[in-house]
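Please keep the model open beside them as you read.

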Amino acid sequence: MLWRANMTAPFGPLLFGHDFACCGDTQVQSISWVVGFTFVFLVMWSNKILSPLKHLAVYFHELSHAVAVALSCGKVKDIEVHYSSGEHGGGVTHHVGGVACCIVPAGYVGCGLWGLAMIVGSADELGSLVVIGLMCSFLALGLCFAGNGFLRCLLLGFLTLFAGFWAVQHYFQVRVMSRALLTIGTFISLDAVSNVWHDSHHEKGSDYERCARMTHCSASFCAALWALTSLCWLALAIFLNLYLNSPARGLPAHASMEDLDVGWEALSYGTRAGVAFPAIAFAVWVCWAVFKCRNRTHRDPLSYALIGR
């Protein structure tokens with residue numbers, strides 16, 4: 001795809017083909033939001049504040065197993081998510097039948113796809129409403145298959161939270177649903193990678209080990225493959241989000257860069273100020289990682305720098 005770049009100003013403008021240009025006001029907001037919260041999550045990964053989101057990620061992991069069971073002609077008996085104050089909560093999907101080679105990898109791969117759907121859906125208000133409605137449907141469906149009380153409370157809590165987001169946006173005209181989706185989608189996508197890392201270092205008999213036994217491949221190869229797949233889902237999600245917010249969409253094919261509302265001068269003052277958010281978050285993450293590594297005992301510094309473990 002052809003592209004041209006004006007290097008005289010920050011943030012472009014870049015024109016890829018005739019319908020994708022970077023970087024407009026909304027695109028810079030999305031990039032700043034994703035990058036900033038990525039570093040915030042990395043710093044706070046071991047904090048209990050993120051516990052509800054981690055358990056939600058476990059539910060989507062188990063839900064992906066359940067969907068794979070149903071699609072491979074199996075029967076789902078129930079889904080359980082267990083509370084944990086540590087890094088990850090535990091979960092299990094009880095089922096009968098189904099195709100194991102489809103069910104086993106569905107947890108890690110499906111969690112990344114859920115993150116992709118949230119990030120892409122956050123591109124506009126209609127997409128946010130559709131994705132949140134879809135999520136609420138699957139949360140309500142989970143109540144029918146919930147095998148323990150903690151999962152029921154978790155699902156009811158997030159259903160109430162999403163209903164609150166809708167009410168705030170509907171009655172106060174505040175674009176809260178798209179930002180909430182972008183934040184949760186970013187976390188779910190990062191957790192899909194972190195979960196593989198965590199299981200490969202701490203869990204025995206996890207999904208990637210079962211996949212390795214079925215395929216006769218190395219367990220490390222399966223873990224690396226799934227982690228890379230999750231990163232690809234995240235990169236694709238960000239690209240599609242930027243594409244849907246492209247200022248070049250809807251313009252004629254012969255449009256030039258002069259016709260686009262892009263570049264640093266086109267950004268609102270709020271967006272320009274928001275660019276500082278990822279920069280500050282990155283600086284905090286670097287200082288935090290250096291402090292943790294210098295005060296570590298036997299732990300791997302890469303674990304601290306990447307996921308706080």
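1. The largest nonpolar core has 49 residues, and Tyr59, Phe60, Met118, Met135, Leu139, Leu151 and Phe162 have the most contacts inside it. A nonpolar core here is a set of buried Ala, Val, Leu, Ile, Met, Phe, Trp, Tyr and Cys residues joined through side-chain atoms within 4.5 Å. Buried means under 20% relative accessible area, exposed over 50%, and partly exposed in between (1.4 Å probe, protein chains only). Two or more residues each come from helix 1 (25-43), helix 2 (51-71), strand 4 (75-82), helix 3 (100-121), helix 4 (125-145), helix 5, helix 6 and helix 8 (219-244). Helix 2 gives the most, with 10 residues. Helices (H or I, at least four residues) and strands (E, at least two) are DSSP runs, numbered from the N terminus.

2. A word on the source. This is a predicted model, in which local features need pLDDT of at least 70 and side-chain atom pairs count only at pLDDT 80 or more, while totals for chains, interfaces and linings use all residues. Residues are numbered from 1 along each chain as its sequence is written, and side-chain values use heavy atoms, with hydrogens and water left out.

3. For the overall picture, the chain has 11 helices and 5 strands. Of its 309 residues, 45% count as buried. Among contacts between residues at least 6 apart in sequence, 68% join residues at least 24 apart.

4. Helix 5 deserves a slow look. The buried residues of helix 5 are Leu151, Leu154, Leu155, Phe158, Leu159, Phe162, Phe165 and Gln169. Just after this helix, Gln173 takes a positive phi of about 55°.

5. Which residues make the nonpolar surface patch of about 630 Å²? They are Leu129, Trp166, Val168, Tyr171, Phe172 and Val174. Patches take residues with over 30% relative accessible area and no salt bridge, joining like charges within 9 Å and nonpolar side chains (Val, Leu, Ile, Met, Phe, Trp, Tyr) within 5 Å. A salt bridge is a side-chain nitrogen of Lys or Arg within 4 Å of a carboxyl oxygen of Asp or Glu. Helix 5 (residues 149-172) supplies the largest share of the patch, 4 residues. Val174 sits in the loop between helix 5 and helix 6 (176-202) and is partly exposed, at 43% relative accessible area.

6. Setting aside neighbours within four places in sequence, Thr186 is in contact with Val34, Thr38, Phe41 and Ile119. Arg179 is in helix 6 too, and is buried at 16% relative accessible area; Gln29, Ser30 and Trp33 touch Arg179, not counting residues up to four places away in sequence.

7. Finally, find Gly74 in the loop between helix 2 and strand 4. Gly74 is partly exposed, with a relative accessible area of 22%. The C-alpha atoms of Gly74 and His95 are separated by 7.0 Å, although these residues are 21 apart along the chain.

Terms used: Accessible areas come from the Shrake-Rupley method with a 1.4 Å probe; for residues, only the protein chains shown count as cover. Contact means heavy atoms within 4.5 Å.
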